[in-house]
Amino acid sequence: PHFANLLSLRNNEEDSTEKIQKVVRGCENLSDYYITANSFSKAITHKSKYLFSFQNIVLDIDLHQQDALIFRKYCTEALKGIVLEEAVGLAYDYLLEHMDVFADIYNLPIPNTIVNTGRGLQLWWAINPLPAKNKAMADVYSEVRQKLMDSIKDFLGLGKPFVIGKELKNAEVDYINLFRNFNLDEKASKSNSGCFRLPGSFNTK
């Protein structure tokens, strides 16, 4: 992965926004470019021992091709031929339209950014930086992240049983069953030092 251009950026630089925009534009349509959710004291690395501050909470939600095929058994006739990219697109649109509902039900903030990765979705919450070496702050970060994870799983019904039978005549059930094919990648979501593909680039693996 190419970390050099990303991790050399500094938050206290006056022109950091312009630099970030330049990096993102330069990575568009390129392969294997990644960005970290949190900051590090040493550039070109994302080893946990160099973790400096918590900057974001990122939930990684996956949908695999076989899951999209399973969805066809539990959707209305209008969506019988759906493929993975179309399923992710539907989920993305649904989230954009219903995040206010999520915020009202769970009394939580909506994500700052929702990313369609092509194979799933990423939900990014930007936070005021917290020192990673401070145990109390690290505990708060973990607790808030877990609360967001539990709430999103409940809101979307991730992994719950499919709705079947007469209810399948109702188009709204499509969205219910659609999200029950998705899974929250808890390992990736809980990784303080993890990295994520930069939007606009693509994976070769």
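The legends below describe close-up views of a predicted model.

Local features are given where pLDDT is at least 70 and side-chain atom pairs at pLDDT 80 or more, while totals for chains, interfaces and linings use all residues. Residues are numbered from 1 along each chain as its sequence is written, and side-chain values use heavy atoms, with hydrogens and water left out.

**View 1. Packing of helix 4 on helix 6.**
Helix 4 (residues 84–106) packs against helix 6 (residues 172–179) at an angle of about 110°, and their axes are 11 Å apart. Helices (H or I, at least four residues) and strands (E, at least two) are DSSP runs, numbered from the N terminus. Axes are lines fitted to C-alpha atoms, for helices over the stretch in contact, with angles from 0 to 180 degrees between N-to-C directions. The two helices are therefore roughly perpendicular (65 to 115 degrees; under 35 counts as roughly parallel, over 145 as roughly antiparallel, the rest as oblique).

**View 2. Residues in the contact of helix 4 with helix 6.**
Helix 4 contributes Ala-87, Leu-90, Ala-91, Tyr-94 and Leu-95, which meet Glu-172, Tyr-175, Leu-178 and Phe-179 of helix 6 (contact: heavy atoms within 4.5 Å). By class, this contact of helix 4 with helix 6 has eight nonpolar residues, one charged and no polar. Ala, Val, Leu, Ile, Met, Phe, Trp, Tyr, Cys and Pro count as nonpolar, Asp, Glu, Lys and Arg as charged, and the others, Gly among them, as polar.

**View 3. Lining of the largest cavity.**
The count is one cavity of 30 Å³ or more, and the largest cavity has a volume of about 40 Å³. A cavity is a set of points on a 1 Å grid over the protein atoms alone where a 1.4 Å probe fits but cannot get out, and lining residues have an atom within 4 Å of a point. Grid points are joined across faces, edges and corners, and the volume is the space filled by probe spheres set on the points. Among the lining residues are Asn-38, Tyr-141, Arg-145 and Phe-196. Strand 3 gives the most to this lining, with three residues. The lining divides into six nonpolar, four polar and one charged residues.

**View 4. Strand 5 and its partners, strand 3 and strand 4.**
Strand 3 pairs with strand 5 (residues 120–131) in the antiparallel sense over nine bridges (pairing needs at least two DSSP bridges). Asp-60 has Gln-122 in strand 5 as its bridge partner. Strand 4 (residues 113–116) also runs antiparallel to strand 5, joined by four bridges. Ile-114 stands opposite Leu-123, and Val-115 opposite Gln-122. In the hairpin of strand 4 and strand 5, with three residues between the strands, Gly-118 takes a positive phi near 95°.

Key
On a 1 Å grid over the protein atoms alone, a cavity is a set of points where a 1.4 Å probe fits but cannot get out, and a pocket is an open set with protein on both sides within 12 Å along at least five of seven lines; lining residues have an atom within 4 Å of a point.
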